[in-house]
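I opened this entry to keep track of what I looked up, going from one part of the model to the next. The coordinates come first, and my notes follow.

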Amino acid sequence: MSVLASPRDAMPRRAGSPRGIRHGEALAGWLFTLPVLLILGVFLLVPVLMALWVSFSDWSGRGSPLSSGVGFVGLDNYAAVTTGGGLAERDFGIAMRNNAWYVLLVVPLQTGLALFLAVLVNRAVLRGRGVFRTAFYFPSVTSSVAITVLWLFLFSTSGVVNAILARVGIAGPNWFNDPSGVLHNLLGALGVRSGPEALTQHGFLGVSWWDWLAGPSVAMSAFVVMAIFTTSGTFMLLFIAGLQNIGPDIDEAAMMDGANAWQRFWRITLPQLRPTLFTVLTLGLIGCWQVFDQIYTGTQGGPGKTTLTPAYLSYRSAFLSQDWGQGAAIAFILFVIIVLLTILQRWILRERPDVRRRPRRGPRKLTGGNGPGVVEAGAGGPAGGPASEPSAKEDAR
Amino acid sequence: MNRTARRLPRRTLAWQVALYGLLILLALVYVYPFLVQLATSLKTEADAAADPVSLVPNPLTWAAYGRLFLRSDFPVWFANSAVVTVLVTTGRVFFDSLAGYALARLRFRGRGVVYAALVAVMAVPTVVLLIPKFLVINQLGIYDSYAGMVLPLLVDAAGVFIMKNFFESIPASVEEQARIDGAGTFRIFWSVVLPMARPALVTIVILSFQGSWNELSHFIVAAQSPELTTLTKGVASLASGQLSQGSQYPIKLAAAAIMTIPVAVVFFVFQRRIMNTSEGAVKE
């Protein structure tokens, strides 16, 4: 949420010459910010630089990475995971595949659900709002470890989800032990069991195109549901805040003009929510590429590596396989992906000039012939009061 | 605003009923998993496997909790999490507000650079820092110690921003008065400004508490010995079955439930403020 605290508002420059009474200010300024600078410098800036070096080195995890025995290997580590042709490349490809599907499903679904919840909660009368907001937001404050443990139970073979599915006559899968891809399963149901040669013979990052198109595994799907469950509440709060910043007058004017709730949502509300939508999509995208806790707690990448993610692979390569250079290289590739996607998204959403975004204030243009109420609303005044009366009378008749 | 149900026509009333029906249904879907968690933690293992959907333990047993607290490392994990959370929260409240105040109020050369650096820092994804953090913690010789677990978490850029924004929103006149009376900068900060900043400080407390209590990845790379295991790490190891043979769901879910309680308490106590953080931490 704090990311919202916009960096845009620049430092307020105070006019006037420094008074004598403020003489110690410069020193105090540095002293006050020193702890933050020191800790962030030592545990954030230095580490990043050090890891950057490790990603270009052959450090094996013994001794200091800065000692003389450690050699510079150039882009070898990056090459090993992207073009090496070996297991490292294949693992990285699989992890990218898994995470790409995860992002593709989670980001739109969590954004859509969060918006849906926000609109519903915002429609409720004030007292109900608090209760529902609490219910939807609560999963977001609990630890990802606790939720994962709960999920392992809910989606276990004889767990709650399968028990509920069984009641409606569906034999649920063995969720967290099922490595089969969802799309492959769908195709399999249609009788397609192996891909065309064009897809199976060629590939990217050591994974054939056919396998890229496998879809998320059944195990990963359970994590997708979990991500939507835990994050929709947070984003719902952002959307509610956005909705409350929108004045009711345009919406009411459109209502007077006979636009139904569906049209009003798409044409009036959603365009005004654009800034919030951008924030939610960006935060969702950044978060989705960092899946780690759930995998560490739940599946450690299994079954069949189908829940492996780049973040977890980076950890595993370094801490478990002692391939520190490759682990660091994966981390930096991930970093670049996240930064690029953020920039891309910013660019896409800013594509249209601001002028067109400005809500049209002329309900007259939308439709005509609804009586004097239209003019009132069009004037942009507090249309709620006088304008809503005629319609209420009309309905009462 | 004027959406009270009283004066609405019948068609709208039907919509209202549908709206509340849908909201209640969705709320149940969101709450039900936590009820399952509580109920299962009080079940026997056989009951948990036989009837996972039921919210009524039959028979009801506290065995899982007894096992956790009396015959496992769980109390150690809990204590470690508590210690780390208290230290981190205290540190963040103090250092974040100190730096936030400097960035909002004090004029010094380099303030713009500091601000820009903080913005840049916030953009670095935490997962990327796993290996780097370990390298530095190891290099500094504080691996596998409380220092390594606490120090790197002691400040956060986001908290500095919240405090900075808050301090910019309050009038400077009170400080000017104190300054004319001869109070030093730290004195003004400590006894004049900080007491006024309570709403923002509460926000920092909530975010830090939640953040450090739920933190997992940092503790994975900062320590390894069993005495320094936190709840998140311990419960994660439980999940992969290190304590027990078989599924042992009641024990795992009891651990998860206990782990959720402190955050839930903070959540319900400060609920209104948490909900409002997205609208800005500013209260006049």
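I began with chain B, bearing in mind that this is a predicted model, and found that chain B is divided into domain 1, residues 10-61, and domain 2, residues 72-279. I then looked up the separation of the two, and the C-alpha centres of domain 1 of chain B and domain 2 of chain B lie 33 Å apart. For the contact between them, I noted that domain 1 of chain B gives eight residues and domain 2 of chain B gives seven residues.

Next I asked which elements give two or more residues to the side of domain 1 of chain B that touches domain 2 of chain B. They are α1 (10-41) and α2 (45-50) of chain B, and the largest share, four residues, comes from α1(B). Sorting the residues on that side of domain 1 of chain B by class, I recorded two nonpolar, four polar and two charged.

I turned to chain A. Its secondary structure comes to 20 helices and two strands, and of the 397 residues in chain A, 42% are buried.

Then I looked at where the two chains meet, and found 90 residues of chain A in contact with 89 residues of chain B. On the side of chain A that touches chain B, helix α1 (residues 25-55) of chain A contributes the largest share, 21 residues. By class, that side of chain A has 65 nonpolar, 19 polar and six charged residues.

Last, I picked out one pair of helices across the two chains, helix α5 (residues 144-154) of chain A and helix α13 (residues 231-239) of chain B, whose axes come within 9 Å and cross at roughly 15°. Angles under 35 degrees count as roughly parallel, and α5(A) and α13(B) are therefore roughly parallel to each other. For the handedness, I noted that α5(A) passes α13(B) in a left-handed crossing.

Which residues make this contact? From α5(A) I listed A:V145, A:A146, A:T148, A:V149 and A:L152, and from α13(B) I listed B:T232, B:V235, B:A236 and B:A239. Classed in the way I had used for the other contacts, the contact of α5(A) with α13(B) has seven nonpolar and two polar residues, with no charged residues.

Key: Residues numbered from 1 in each chain as written. Chains lettered and ligands numbered in written order. Predicted model: local features only at pLDDT ≥ 70, side-chain atom pairs only at ≥ 80, totals over all residues. Domains from an automatic or database assignment. Nonpolar A, V, L, I, M, F, W, Y, C, P; charged D, E, K, R; others polar. Buried ≥ 20, exposed ≤ 12 C-beta atoms within 10 Å, placed from the backbone. Axes fitted to C-alpha atoms, helices over the stretch in contact; angles between N-to-C directions. Parallel < 35°, antiparallel > 145°, perpendicular 65-115°, else oblique. Left-handed = near helix turned anticlockwise from the far one by under 90°.
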